[in-house]
Amino acid sequence: MSSVVELEHARVCLGDRAILEDVCLVVEEGEFLAVLGPNGAGKTTLLRALLGLVKPAGGSVRVLGRVPSRGNRAIGYVPQHRTLEADLALRARDIVGFGLDGDRWGIGFPSRRRRAQIDEVLREVDAVDLADAPICQLSGGEQQRLLIAQALLTNPRLLLLDEPLASLDLSREAEIVALTEKVCRQRCIAVLLVSHDINPLLPVVDRVLYMANGHSAVGPTDEVITSAALSRLYGSPVEVVRALDRIFVVGVET
Amino acid sequence: MFDLFAAPFIQNALLAGTAVALVSAVVGYFLVARGMTFAGHALGHIGFAGAAGAVLFGLAPLAGLLVFTTGAAASIGLLGEESGEHDLAIGIMYTLALGLGVLFLSLYPGYAEGVYALLFGDVLGISRADVRLTAALGLIILLAVAAVYRPLSFSTFDPGVAEARGVPVRALALGFLLLVAIDISISVQVVGVLLVFTLLVGPAATAMRLVRGPGRTIALAMVLGTCYIWLGLFLAIHVAHGTWPPSFFIAAISFAVYMPARLLSR
């Protein structure tokens with residue numbers, strides 16, 4: 001059986017600029033991978049390559065054994081958080097429902113089965129009581145839960161979360177991490193979670209992919225986030241400090 | 001009530017007005033949700049140049065409206081999505097259209113009355129043939145929106161995820177603008193280019209304040225728009241006895257309903 005994600009010497013360019021250079025990565029079913037690195041390192045571009053939204057200029061990219069293409073229902077995707085439009089008059093239930101049939105033509109009348117499917121996924125992300133709330137009244141963490149629920153409705157085998165922890169306070173951050181881990185383990189699906197900070201993810205990730213300067217390193221946290229490995233990646237001296245069960249990377253902007 | 005609306009020209013006004021109100025409510029919901037009300041506003045004014053040009057060349061104003069608004073909609077759609085630049089480009093296109101409009105007018109002497117109708121609508125001057133054409137175009141818009149309803153909603157709410165899911169986001173944006181253009185073209189004879197906003201944005205924006213859920217919002221916007229038309233015509237004909245134009249009443253009612261809804265809700 002093929003791996004969920006396989007990148008071999010993948011190179012992705014935006015215009016003339018190579019964003020990803022020689023990325024090699026294999027992610028297996030049920031694996032929780034944190035994708036780390038400074039702004040502009042290509043974390044989002046990596047996700048877009050897996051979604052088939054950008055084509056690799058070299059090497060190969062495979063998702064579930066196939067060349068990525070748009071409209072793959074085996075991938076759940078939550079892009080970088082934006083403020084959800086207040087004027088749409090949508091309820092939580094409506095936005096979660098997009099995950100089920102937002103790509104189908106026609107009006108799509110409500111049915112008991114559709115409602116049950118949405119309720120079930122809302123239970124999974126612990127947001128049943130939000131079902132009929134207007135989205136503009138929900139907090140960032142609540143909106144993030146709903147977007148994860150939306151991404152789960154096609155029963156994906158790969159979940160891509162782009163900066164789901166950005167602009168959340170510490171306890172909301174921990175809730176989203178715990179939810180993501182639960183989804184990953186219970187559904188046995190591969191998760192790629194993009195983050196600026198490894199610390200909230202330390203207890204749950206299996207491996208990390210650290211990207212910087214177009215290059216990347218992948219492996220267990222203890223092997224990748226070290227002074228030697230990161231200095232090599234950045235091409236300049238970087239100090240990794242461990243204190244109070246937390247990791248700090250000094251010498252670069254993260 | 002039926003006696004009040006017995007005259008054929010009043011019936012035509014009601015029929016065309018209702019058709020336009022229903023279609024504009026649906027189109028307006030998506031226009032407001034997509035944050036594209038400026039494009040809607042500009043398309044009305046661009047249509048004005050088309051109508052003036054059509055009259056200059058001896059054609060039906062609606063033909064000129066359709067050509068100019070759909071042409072402009074296609075250009076706006078092809079410009080892409082970066083909204084800041086987008087609005088600038090729309091604004092520049094719209095001033096060019098107004099310039100053309102004034103040129104066409106100055107080349108066509110003795111047209112002042114027709115201009116007035118284009119700017120502010122001439123709902124009481126609509127013929128039965130106009131009603132049929134309006135209804136037919138309106139039906140086409142409604143069927144088109146129904147056909148793309150789910151992907152259009154999805155890409156309005158979240159273009160990034162919709163694109164990843166294989167929804168043709170760009171094509172839908174362009175197609176939707178073409179529907180806006182047709183809707184504006186048929187609205188102009190009812191409320192005029194300066195007041196297309198009244199039916200396009202007023203009911204949808206008010207409904208979004210009052211109810212939750214897209215289905216209910218669109219339904220309420222349709223009811224509101226239709227009420228504005230009927231009440232506006234009733235007041236113009238039977239209370240003001242034709243001395244105050246229906247467009248004034250329709251715009252005034254739209255405002256009078258929106259303001260308390262805006263101030264009192266959420």
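Predicted model: local features only at pLDDT ≥ 70, side-chain atom pairs only at ≥ 80, totals over all residues.
**View 1. Where chain A meets chain B.** Start at the meeting place of the two chains: 24 residues of chain A are in contact with 26 residues of chain B. On the chain A side, helix H2 (residues 92-101) supplies the largest share, 4 residues. If you sort the chain A residues that touch chain B, you will find 12 nonpolar, 4 polar and 8 charged.

**View 2. An open sheet in chain A.** Here 3 strands line up in the order E2-E1-E4, with antiparallel pairing. Look for the edges at strand E2 (17-27) and strand E4 (58-63), each of which pairs on one side only. From one strand to the next, the twist averages 30°.

**View 3. A strand pair and a helix of chain A.** Strand E1 (residues 5-14) runs antiparallel to E2(A), and 7 bridges join the two.

**View 4. Inside the largest nonpolar core.** This core holds 169 residues, and those touching the most other members are A:Leu33, A:Val35, A:Leu50, A:Val191, A:Val208, A:Tyr210 and B:Val180. Helix H1 (residues 8-33) of chain B gives the most to the core, with 15 residues. Now pick out A:Val191: leaving aside its neighbours within four places in sequence, its contacts are A:Phe32, A:Leu33, A:Leu159, A:Leu161, A:Thr180 and A:Cys184.

Key:
Residues numbered from 1 in each chain as written. Chains lettered and ligands numbered in written order. Contact = placed C-beta atoms within 7 Å. Nonpolar A, V, L, I, M, F, W, Y, C, P; charged D, E, K, R; others polar. Pairing = 2+ DSSP bridges. Axes fitted to C-alpha atoms, helices over the stretch in contact; angles between N-to-C directions. Core = buried A, V, L, I, M, F, W, Y, C linked by C-beta atoms within 7 Å. Buried ≥ 20, exposed ≤ 12 C-beta atoms within 10 Å, placed from the backbone.
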